[in-house]
Amino acid sequence: MRGGSAGASAPDALKGNFSIAQAQAFTDFPLYNAGSSLDDMPLAVFYDTGGFSPSVSFIYGDCQATDDMGCAPPVQVQVWPACIRNPSLYESSRPGALTPEPTSVRGVPAAFFEDGHRLEIQTGTSTVVVFARSRDEVLQVASALRGVNVAAQASRGVNVAARASEALPPPAAGALDGTLKCG
């Protein structure tokens with residue numbers, strides 16, 4: 001699996017509501033994706049302000065729903081502010097809490113969920129969530145992650161890993177225990 005440059009997208013490719021240029025200029029928190037395409041799967045970018053927190057999703061590929069339940073794309077990279085989404089959400093004392101499988105990815109804490117189909121990575125002030133079809137694919141996507149808004153974050157004095165496979169910045173103070181303040 002390789003992250004790469006944009007290729008021609010299929011005519012029925014998923015269309016996002018956020019452009020790469022908008023993602024590059026985004027300053028709220030560091031963003032990561034696996035490139036402008038992934039194994040010839042086109043990229044669509046979504047900015048979600050609904051719910052309890054903004055997040056940015058990089059969706060690779062598309063799927064054809066066969067019923068009212070819809071379908072999941074082959075690969076999705078969601079990026080959330082760590083002040084909202086962090087390991088404290090999975091404390092076993094919380095009702096219905098999922099059990100994380102702790103690991104380390106590119107030098108930072110992470111955890112698998114959903115039999116390895118989801119990986120949550122704690123880096124800087126962001127939580128990067130990778131969804132894919134298998135644990136191997138999740139790990140391949142995680143190794144391809146690179147900074148999207150590097151220049152926008154650098155202007156704020158924030159370090160973002162710019163290249164795939166290099167170590168990710170360590171979690172900010174309070175990002176792991178849920179005490180990191182938003183804003």
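## Terms and model

A residue is called buried when its relative accessible area is under 20%, exposed when it is over 50%, and partly exposed in between, using a 1.4 Å probe and protein chains only. This is a predicted model, in which local features need pLDDT of at least 70 and side-chain atom pairs count only at pLDDT 80 or more, while totals for chains, interfaces and linings use all residues. Residues are numbered from 1 along each chain as its sequence is written, and side-chain values use heavy atoms, with hydrogens and water left out.

## The disulfide

A disulfide is a covalent bond between the sulfur atoms of two cysteines. Here it is assigned to a pair of cysteine sulfur atoms within 2.5 Å, and the structure has 1 disulfide by this rule. The bond joins Cys-83 to Cys-182, with an S to S distance of 1.9 Å. The link of Cys-83 and Cys-182 is right-handed, with 105° about the S-S bond. Cys-83 sits in the loop between β6 (75–81) and β7 (101–105), and Cys-182 in the segment after α3 (150–154), so the bond ties together parts 99 residues apart in sequence. Helices (H or I, at least four residues) and strands (E, at least two) are DSSP runs, numbered from the N terminus.

The two cysteines fall into separate accessibility classes: Cys-83 is buried at 17% relative accessible area, whereas Cys-182 is partly exposed at 46%.

## Salt bridges

Side chains of opposite charge can pair when their charged atoms come close. A salt bridge is counted when a side-chain nitrogen of Lys or Arg lies within 4 Å of a carboxyl oxygen of Asp or Glu. The whole structure contains 6 salt bridges. One of them pairs Glu-101 with Arg-135, whose closest N and O atoms are 2.9 Å apart. Glu-101 belongs to strand β7 and Arg-135 to helix α2 (residues 135–144), so this pair ties together parts 34 residues apart in sequence. Glu-101 is partly exposed at 38% relative accessible area, and Arg-135 is partly exposed at 29%.

Glu-166 forms a salt bridge with Arg-163, with 3.4 Å between the closest N and O atoms. Glu-166 is partly exposed at 25% relative accessibility, while Arg-163 is exposed at 57%.

## A linked network

Arg-85, Glu-114, Arg-118 and Glu-120 are connected in a network of salt bridges. Within the pair of Glu-114 and Arg-118, the closest N and O atoms are 2.7 Å apart. Glu-114 is partly exposed at 44% relative accessibility, but Arg-118 is buried at 5%.
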